[in-house]
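I set out to record, entry by entry, what I looked up in this structure.

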Amino acid sequence: MNVTIDPDAGFCFGVEKAVETAQIELARHGQLLSLGDIVHNTAEQERLIAKGMKVIRHDELADYSGQSVLIRAHGEPPETYASALEKGIEVIDATCPIVLKLQERIWKLYHEEAGKDTQIVIFGKIGHPEITGLLGQTEGTAIIIHKAEDLEGLDYSKPIRMFSQTTMSFESYQSIANLVKGRMTKAGNLDLVINKSYCRQVSGRTQSLKSFAASHDLIIFVSDKKSSNGEFLYNVCRSVNPNSNFVHGIHELDETWFSNINSVGITGATSTPKWLMEEVADVIENGDFS
């Protein structure tokens, strides 16, 4: 049986940078505070915790006055930095450069449009840490939309400026943006700007992932349910290869999946570490499912 790991799978640049920063700090000091989950993958999180990382909540910041705290790739709203400064906390900023640039764009637009009727609309998942950070750039005034039903909350007689959470799929963003454009046109208002703000590393994986999934008898998609793009990318696999299975790690592998299978493709989300996919590959190749 041929087992292949998707060469395009593994950490995206932002997550890789955050994990690398954490590992450097842990090597230097033997401990590190992370504000929230550093990555949406339990296995990788536990690996770093075993090395001395401690995950803290936002409401616990005051308990760590004078210490250093890592800001993860998803970024934070301005009030987090202000709170850290007030409490004498040193910020180790590992915000993804793409997210940081988007934060700056939204912050700039918000202040340029102050006092106007412009609606800043962000396509993404309510409660996702990146969305929380983006929302903070507008002092909580941006409108978050995730599905077609959310469009009822927009006023199509007023200007709209659209952005997307970086990890959302390009196709989904384009689809929702077209719906907004249609409603704006119907209302006789053409004051709409649809900004390109998705991560090309994530959106660009769709086509290569389809090719990878179609070229194997069986796909094992390794991810965590907490991963924002994991579900999307898994569904991309299933769209071309129904014989695709979602697992968190080796403990969820089912030996019966591999009967009469000649080729297995292993892939994952942008928050899935390479070592975890390699661990899955080893188990499959050795046939040790105990």
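Predicted model: local features only at pLDDT ≥ 70, side-chain atom pairs only at ≥ 80, totals over all residues.

The entries below concern sheets, one serine and several aromatic rings.

**Entry 1**

**Entry 2: a sheet with β2 and β4**

I looked up the strand order and found an open sheet of 4 strands, β3-β2-β4-β5, paired in parallel. Its edge strands are β3 (53-56) and β5 (90-93), each of which pairs on one side only. On average, neighbouring strands of this sheet are turned by 35° against each other, direction ignored. Ser 34 has Leu 70 of β4 as its bridge partner. Helix α3 (residues 78-86) packs on the sheet, where it touches β2, β4 and β5. The direction of α3 makes about 145° with that of β5.

**Entry 3: a sheet with β10 and β12**

I found an open sheet of 4 strands in the order β1-β12-β10-β11, with parallel pairing. At its edges stand β1 (2-5) and β11; each has a single partner strand, so one side of each is left without a neighbour in the sheet. From one strand to the next, the twist averages 20°. I recorded that helix α8 (residues 205-214) lies across β1, β10 and β12 and runs at about 160° to β12.

**Entry 4: β10, β11 and the path between them**

I looked up how β10 (residues 218-222) meets β11, and found parallel pairing over 4 bridges. Val 222 has Val 247 of β11 as its bridge partner. The chain passes from β10 through helix α9 (residues 228-240) to β11, a β-α-β crossover that is right-handed. Also in this pairing, Ile 219 stands opposite Ser 244 in β11. I next asked which way the residues of β11 (residues 244-247) point. Ser 244 and Phe 246 point one way, Asn 245 and Val 247 the other way, and all are buried.

**Entry 5: Ser 263**

Is Ser 263 buried or exposed? Ser 263, found in strand β12 (residues 263-268), has a relative accessible area of 12%, and residues under 20% count as buried, so Ser 263 is buried. Its side chain reaches the backbone nitrogen of Asp 217 at 3.1 Å. Leaving aside residues up to four places away in sequence, Ser 263 touches Asn 2, Ser 215, His 216, Asp 217 and Leu 218.

**Entry 6: aromatic rings**

I searched the whole structure for aromatic pairs, and the search gave 6. For Phe 123 and Tyr 173, the ring centres are 6.0 Å apart and the planes stand at 15°, so the pair is stacked. This pair links distant parts of the chain, with Phe 123 in strand β6 (residues 119-123) and Tyr 173 in helix α6 (residues 170-186), 50 residues apart. Both Phe 123 and Tyr 173 are buried.

Phe 170 belongs to helix α6, while Tyr 198 lies in the loop between β9 (192-194) and α7 (200-203), 28 residues apart. Phe 170 counts as partly exposed at 28% relative accessibility, and Tyr 198 counts as buried at 11%. Lastly, I noted a cluster in which ring pairs link Phe 221, Tyr 234 and Phe 246.

Technical notes: Residues numbered from 1 in each chain as written. Heavy atoms only, no water. Pairing = 2+ DSSP bridges. Helix = DSSP H or I, 4+ residues; strand = E, 2+ residues; numbered from the N terminus. Axes fitted to C-alpha atoms, helices over the stretch in contact; angles between N-to-C directions. Contact = heavy atoms within 4.5 Å. Buried < 20%, exposed > 50% of the residue type's maximum accessible area, 1.4 Å probe, protein only. Polar contact = N/O pair within 3.5 Å; in protein donor to acceptor, adjacent residues only side chain to side chain. Right-handed = clockwise from strand over helix to strand, strands pointing away. Phe/Tyr/Trp six-rings, centres within 6.5 Å; stacked < 30°, edge-to-face > 60°.
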